[in-house]
Every structure is written in structure tokens, then in C-alpha cells.
Amino acid sequence: MTEVYGKTILLVEDDRSTAYIEKLILENHDFKVIIASTGEEAVDATLTHNEINLVLMDIDLGDGMDGTAAATAILAVRDIPVIFLSSHAEREIVEKTEGITSYGYILKNSGEAVLMAGIRMAFRLFEARSLERKKDTDLAITRDFNNMIIDMSPAFIVAIDPFGKTMMMNRSMLDALGYSFGEVAGKDYVSMIVPERDREELAAVFELIIRDREKTVNVNRILAKDGRELICEWHGIPVFKEGIYNFFIGVGLDITERVKAERESREHSGLRERLFASSKMPIIVMDALTYEYIECNAAAVEIYGFDSAADIIGKTPLDFSAQFQYDGMPSHEKAKNYIAEALSKGFVKFEWKHRRPDGSEWDAEVHLMRFNNNGNNYLQFTLIDISDRKKTERALVESEMLHASIINCTSDLIWSVDSSEFRIISYNVALKDYFNIRGIKFEIGSLPEDLLPAEVASIWREYYSRALRDKTFSVEYTSPVTGKILHFHFNTLKREGSEFGISVFGKDITEKKLAEVELESAKKKYQQILENSPVGIFQRKLQSNEHENEYTFFNGSLVEQFECSSKEEFLKNYSRVSDRWAELENYEKFKKELVENKKVSGWEIKTVLKTGKTKWFLMFAYLEETVSLINGFTIDITEIKTLERALKESEKEILISRERVSASLREKEALLKELYHRTKNNMQVMCAMISIQSMKFHDNDVLEAFKDLEFRIRSMALVHQKLYQSSDLSNINFCEYITDLADLMKKSFSVNSKYISIDLAVEQIMVTIDVAIPCGLILNELFSNSFKYAFSKEAGGTIRLSARIKGNDIIKFEYSDDGRGLPHGFEVSRDGKMGLQSIVSIVKNQLQGSIDIRSNNGFECDFSFNKSLYKARLP
Amino acid sequence: MTGGKMKIMIVEDETWSALMIANYVSTLGHHCVDPIAAGNEAVRRAAEEDPDVIFMDIRLADDVNGIEAARRIADENPRVKIAYMSAYQDADVVEEARKINCIAYFNKPLDMGEIKEMLEMCSESLLNKA
């Protein structure tokens, strides 16, 4: 195996990321890598970097020099293997490399293994070619990749398919026979090339090859176009793919001249000695018993790598052999077998792996013959250096297999037809499978009509004709059989300027088409969603010039929000920022925030429409920075804004009216206070009137009546005072009132606290004027009564008064004194004075309560009523 | 009781009330000048009459209220005793009145017993001083 590790590769690739990845892969395989990104750089690099061993050349290099031009320039100054890389498998791209010494053509993304195999191949090929060049074999390599290696070989190379049809024939063989490739492609090899008398024998050889799967060597004649016969020594190699016989490669050496020379040599025996010595063919004579070399010519000395015959004479074959032969057998055993065979059969021919004194190995074809001289057996053999052929052979098989595997592993359909009848001349496995699955017999030489229904075949004939006319064209084709959509690319195949066939590359794009359709429908769906969204959605460019901003998208809602009837109207009226933003400083803030934060949420925008109407929008936006696009969403909040404003207004109004109400309330309070004050004042006037009026009388009863009157008025006036002092001007504290009333009464009657004490137990009860005044009058009567009649001046006594809330707003009063009590058999209605009668009347009628007056170790009076009786009257 | 006879001035815009007090005071043997209804008038007459005790209503007929009139009278005649009368019982008004030569603050409707007590007290203090 060629040593490739540590070699330096110039990687020519304009795409930096691809270059980086490939560099990593190569370095991973211990290559050193130099990268050039343009063709010009690549040429410079190969001139300055002598260590570069191989160039990986991308064909498409952008604007400058392309890959093929760069390779041509490089090869003009340096002999270096160049491998082309391309992402296209089209034949036109491959054809670009025509005329350039190519060492391979690799599809990008074929995978690491393919890349590495390609590189190793190229190195081997390069070595093989270097040797060729040493021998000044000027091999013009002007074929496309398929035929390049084959054509450069001086040996005849032919590939035959399992049906015996010629698949390929190399340049040297075609030249020797006088055919063009078009004439032999797809034709039956045996009937065309092999003379009639040899055909039977050759058919047997093919059978043997296929059965034993082994290489064969045989000599047979081939027929040139002009009827000449050439004698060839054939090395047959069957090529198997996945265990199945795929095709046959024959590598042949034209030995016509040699055979003729041998014949002449036999005819002119006198020349033998001289011929032996001067023959360019190395000849060695060996003792059949000892295996010692006893004679050799100058050619043999040279081929063995020695200086004189003396270095060779006396040695045995093992001194010139590699340790093991091709099949792994030790050379000494193998040699014994061949010698024994030669001795028994008289002649044996084989290939032998030799070794020179410097250790290098070389390949030779050995013709070993037995001859007898004076009763002694001798062996004589000739050597033909077949190192190059072997190398080429190995490289060829590998290259062919690599290529076939690439072509055959793809599911794309690849084939070619000839340009005259459109017969199939080559095809890949995918195509064969396509027909075989359908039970259609498919082979080299099939016509479109053999494979397809007549009407479809005629379509294909049209395609082929068009390809010949247009050189290249593509077509999208829906198979009438499978319904699949295929993309076919047609290219004409040229040899020496004339078209000999058409290549077709077919790709199943059904899935792609379906995906496209799906994508389209998904796109439509999303567009519909966007279009029908109630939110205004748009996309526009963010530009420094605010007067022009192009929308890349906007939906119907946006148009509606701006109250336009069409998208055109919207664009006409609102394409400038100032059309949409009533406050440009607000836009500046918005833009600043958008650029800083990449997004803006809930931005309020005021817009004045062309109709003069003011609108408000709430905007959400984000920036697609890499493309400087704003994606925006707008919601019309004009109504909300209007409501908001109305709400604010009404709040203000409420505040004002509340102010007014409280002012008016204060005013009312003042008025009420004034009213209470005046009432009370009027009562004072009334008291004064009574007082003055009473002065005219001297009767005690009359005076007392006046006095009672005055007290009643005063007890009422006290209620007004309490009301005037109370916080809410409507309720008075009953406890305070009763206490004050009791004090007032005591003073008015000049009651001496020493003798008469008043014991009050009044709960904190709030009552209204409607309750307080009648109660005040009742208590006034009760106190007066007790002060006047209950007690003797000397004994005195105690008055008890309690007032408490019972249950639901019921106030219960319990009044008692420990005085004389009522006279026996006293009845208020009958015997009571005005005062007591008024009490009963007030409780029952005015307060709608109950009252009980009785004597029990003094005077007792209980009464109760509902304090909320008059509540309904109050506002 | 002759020695305790005092000159009394009544400042009250309600005629009936003024009359009632005047009658009552007279029955107790004191000398009453004619009741006065306005604050300015009260100040002027007080300067002329130089009363011992003044019954001063808080609210008066003109724009000078009882407190203001009392202040001006007291400035001229620091020994005068003033008995205020009002249906007002506002704490701040009462507080203000108490600072100006106050002998009593009567709540309306008036209690004649209270008035009698007050006059007896004044009369005694005048006698003591004499």
C-alpha cells in the first residue's frame, strides 16, 4: 500500500467553513493541510510550498479563476496529483476537467471514506504515472474520468458484461483494432473481435472465469477492423459485486511481434547465439537439477539489477525472488511447483514477484521452457517486466470498483444511450433494478421500445433527440407507470469532438415536490392566520431614513386599524413614520429601546389619521437584528383610551361634586346649628315672657303653674342645646341629657343635695329629638312631682332613675322615690294632676310604649318604648 | 341690703329676655340702667354709666359681639364684673369669655336662681371692698 500518512495536501476551497471541516478530517488522517481559498492562491501555494504532495481542488471557486483553470495552471508548472471536488455530479461539470490530468473526481459530502479512498487512489495513480513518465511514455490523458486510467495504459483493456457485450475498450486497443468506441460499445465482443476459429475456445474461457472466479491467462487472437489478426496474451479478471458476477476485465499484451520474433529466431538458428546475447528480452538458463543459473544475457543482468553476468551465474531463483508470491505462498515452494510443471509439460507461464538486491520488488511474467542438451535437462526462461501493468491493473480495478460503487450505490437513475439508435450503452444498478422489479428484461443494447410502452418510448426518443440538438437539457417527468415525479438531466457524450451518446441522470423528486406542496399549503395557512388576526401585524425594514420604510409584510388588520379600504391606500397614506406617529420624539424613544433591548412591549402610539381622527395603538415589536427587520404587532386601543379619558373626567367631576356636597353639608350643619340656637333662644324668650307675665299674679297656684310651664320649656331647650352640641346634629347622648336635666331640676327647685339625692343609672344611649323631647317632658314631670310632693323637708329621700336598652331598641325606664307615694286608691286618669296625666298620654300616644305607675314604699313609675320609632322620619 | 345695691347693665338684643332680667334684678333691689341691644352702644354706655355688673349676651344686634364688647369695656373699666349669657355652649366661646372679667356664664333659658346667687356673691365682694 502506498504510504500516504504525513503527506501535505493543498485544500482549495472558497467556503471557509467547508474548508475548516475538510481540514479537520484530513488532519485526522495524519495529513498536513494548507488551505487556499481562490484559484490564484492555489497556484501561488503550489509554487512556494514544495512539500505539497496533492491538491484537493474545488471546481466552483466563486468569482475568480475556477478550479479547472487553477489545476491547468498548477499542472503546467508542477507534476502533482490533483483531485477535483464538486457538489455537482453533472456530466458538464465533470467534462470541465477534460484535458486536465485528473486523478479523481469526488462528490462533496460523499463521506470521509470515499474522500480517503480517493486520496489514496490518487497517490497510487500518481506513482504509477511517474514511472510511466520515466520511460518517456507520453500518455495523453484526454478522457473523462471513467476512461482516463484505462486509456493511458499501453496494455489492451476491455470490459465485457455478463451477456458478452463490450462495455468498455481502451484507447490503445481501439487504436490497435482501428475502431471507435461507438462502434464497439454494446456489441457482442466475441462475434466482433474474436476470429471465428478461436470463438469456441474463448467461450470456454469465459465460462471458466465465471465459475472459478479466478484470474486467467491465455493467448488468443483478436481481429482488427481491417482484418489483421493480433496475437494477445490475455489476463482475465472477473469483477464481482456483492458476490455476484458483474463484469469481466481483460488486460491484454500485444505479443504479435514477440511471437513473430520467436518464430524468426527458430527459423534463423545461426543467429541464435547473437540473438541470445543481444536480445532485449531477458533470457536465463538454469540447471534443472540444481536450479543454479548457468547462463544469462545482458538484458537479464539489467532487469535483475546487477552489474555483470558473474553476479547471477551460480545463484538460484530464490536469490531473485520476494519471500512470498501473490497468493501468499512461499516462493521456494511455488518455484518448485512451476519447475516441476515445466519439466513435465515442457512449458509454463506465470507471474512472479521478484526482488532486487536493493530490496525493491518488481513483477515479471516468466515463460519457463524445458530443453534437452546432450541428455541433460535444462530450463530456459524469459522475463517480461510487468510491474507497471500490475500497478495499473490494481489501480484500475480499485478505481473501477470505487466509481462503480459510487454510481451503483445511488438511488438516482444513471444511464447512457448511443446517439444513433438510443440503445442502452451503460447503466447503474438503480436503473437495472427499476426495470427488473417490473419484470422487464433489461440489458446493454436495449432500445426504448424494448423497455417502455410505445407511447412512452416515443416521448423518450424525443428527449434524446432534444438532448442531441441542445447538448444539454433537463426535464421534470411524471412516470405514467408509478406516478412518481422524476427530474432528468440529459448530456451529450463526446469523443474527439463528435457525439457518440447521451448520458441521463434521473432523480426521484416526488418527495421533494410533495414537501414543496405541503410547504406551500403551510405557508398559505400561516399567511391566512396572520391575515385574519385581529392584531395588526407587519414587518418592515429598520432604516435610518425615516421617510422611506418598506414593508415586507403587513396584514389586513393593520389596514383596517388605519381605516383604509385597501393595502394600496394604506401604503399610499401611511408608509412614512410621520404618517403613523403623531409624536416623533415618541418614535425616537421607541426606536432607541428597540435597538437596545431588541424588543419593545406595550408601547402606546398616538396616530392622527388622514381623516383627522385620533387613534391610539398599543405596539409590541422585536428586532431581527441580522436582517434589520422590525416585526410588529399593533392593537387598536382608541376606545380604551377614550373610555380612560372619560373615566378620568368623571372622576374629576365626582371630586368636584363631592366637594360641593360636603360644602353644602357644612352649610346645612351651620344652618341647623343656627336653627337649634334660635329655637333655644326663643325658648329663653318664652321663659322670659312667662316670668314677666307671672309677676302680675300673687296667687301661689298660678305662680306654680307658670313655674311648671317654664320648667317644661327649659327641659325642651336642654334637648336643643344637646343637639346643637352633638357631633351629628341629630342624635343626643341620653345619659348626658338626663344628668344635665336632673341637675337643672335640682337647681330650679333649690333642692338641697343633703336631703334629696338623685341616683342615676343611665346607659350610653343615643336618641333622636323625637324621643328626647317627650322623655325630657316625662322626666321633668316626674322630678317635679317628687320634689314637690314626695319628701318632707326634714326627712328628705332618694330618687332613683335607670334607663337601659332591652332587646331590639326598646328603652326601659324605671323611676322611683322613697317618699310618700300616691294616696290610697289613687288613679292617674281620675285623680292625677295634669302632669301625671300628660306622662301617661305621652308614653302611650306619642311614644307608643307602655307605662306603669304605682305606689310601693314610695312612688314608682316604669315605662318603655321603642327608641327607633321615629327613625323613618329622619333623612 | 342697701349697702349691697349695685348698678347693673343688661346687654341683650331680645327685649323680653332683657325685661325679665331687669325686672328680676330690680326686685332684688339693684339699680338697672336701660337694657342695651348693640355692642357699640354697650361700650359707649358702659363708659358713661360705669356699672358694677354687666349681663352680656354673646350675640348682639350689631356687628360687635358680646365678647368683643366685653373686652373693650374691660379695657376701660377693669373692675367691672361681667355675667355672660348665651344659648351657645361652644367650648371655645365659653373659654374666650371666661378670660374677660367673667363672673358667670349663664346658659339660656336662664335660671333665675343662678342669677340670684351670682348677684349675692358680687354684692358681698363689693361690700367687703368698701
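Predicted model: local features only at pLDDT ≥ 70, side-chain atom pairs only at ≥ 80, totals over all residues.
In chain A, five strands form an open sheet with the order 2-1-3-4-5, and their pairing is parallel. The edges of this sheet are strand 2 (32-36) and strand 5 (105-107) of chain A, each of which pairs on one side only. On average, and with direction ignored, neighbouring strands are turned by 25 degrees against each other. Three bridges join strand 4 (residues 82-86) of chain A to strand 5 of chain A in the parallel sense. Within this pair, A:Leu85 is placed opposite A:Ile106 of strand 5. Helix 1 (residues 16-28) of chain A packs on the sheet, where it touches strand 1 (8-12), strand 2, strand 3 (52-58) and strand 4 of chain A. The direction of helix 1 makes about 165 degrees with that of strand 2 of chain A.

Further along chain A, helix 25 (residues 700-725) packs with helix 26 (residues 734-748) at an angle of about 145 degrees, and their axes lie 10 Å apart. The crossing of these two helices of chain A is right-handed. Helix 25 contributes A:Phe711, A:Arg714, A:Ser715, A:Leu718, A:Val719 and A:Lys722 to the contact, while helix 26 contributes A:Glu736, A:Tyr737, A:Asp740, A:Leu741, A:Leu744 and A:Ser748. By class, six nonpolar, two polar and four charged residues take part in the contact of helix 25 with helix 26.

On the side of helix 27, the contact is made by A:Pro774, A:Leu777, A:Ile778, A:Glu781, A:Leu782 and A:Asn785. Helix 29 supplies A:Gly835, A:Leu836, A:Ser838, A:Ile839, A:Ile842, A:Val843 and A:Gln846. The contact of helix 27 with helix 29 comprises eight nonpolar, four polar and one charged residues.

Chain A is also in contact with chain B, and this contact takes 23 residues from chain A and 19 residues from chain B. Between them, the two chains bury about 2,000 Å², with 53% of this area on carbon and sulfur atoms. On the chain B side, the most area is lost to chain A by B:Trp16, B:Met20 and B:Pro109, which together account for 31% of what that side buries.

Notes: Residues numbered from 1 in each chain as written. Chains lettered and ligands numbered in written order. Heavy atoms only, no water. Contact = heavy atoms within 4.5 Å. Helix = DSSP H or I, 4+ residues; strand = E, 2+ residues; numbered from the N terminus. Nonpolar A, V, L, I, M, F, W, Y, C, P; charged D, E, K, R; others polar. Pairing = 2+ DSSP bridges. Axes fitted to C-alpha atoms, helices over the stretch in contact; angles between N-to-C directions. Buried area = accessible area lost by both parts, 1.4 Å probe. Left-handed = near helix turned anticlockwise from the far one by under 90°.
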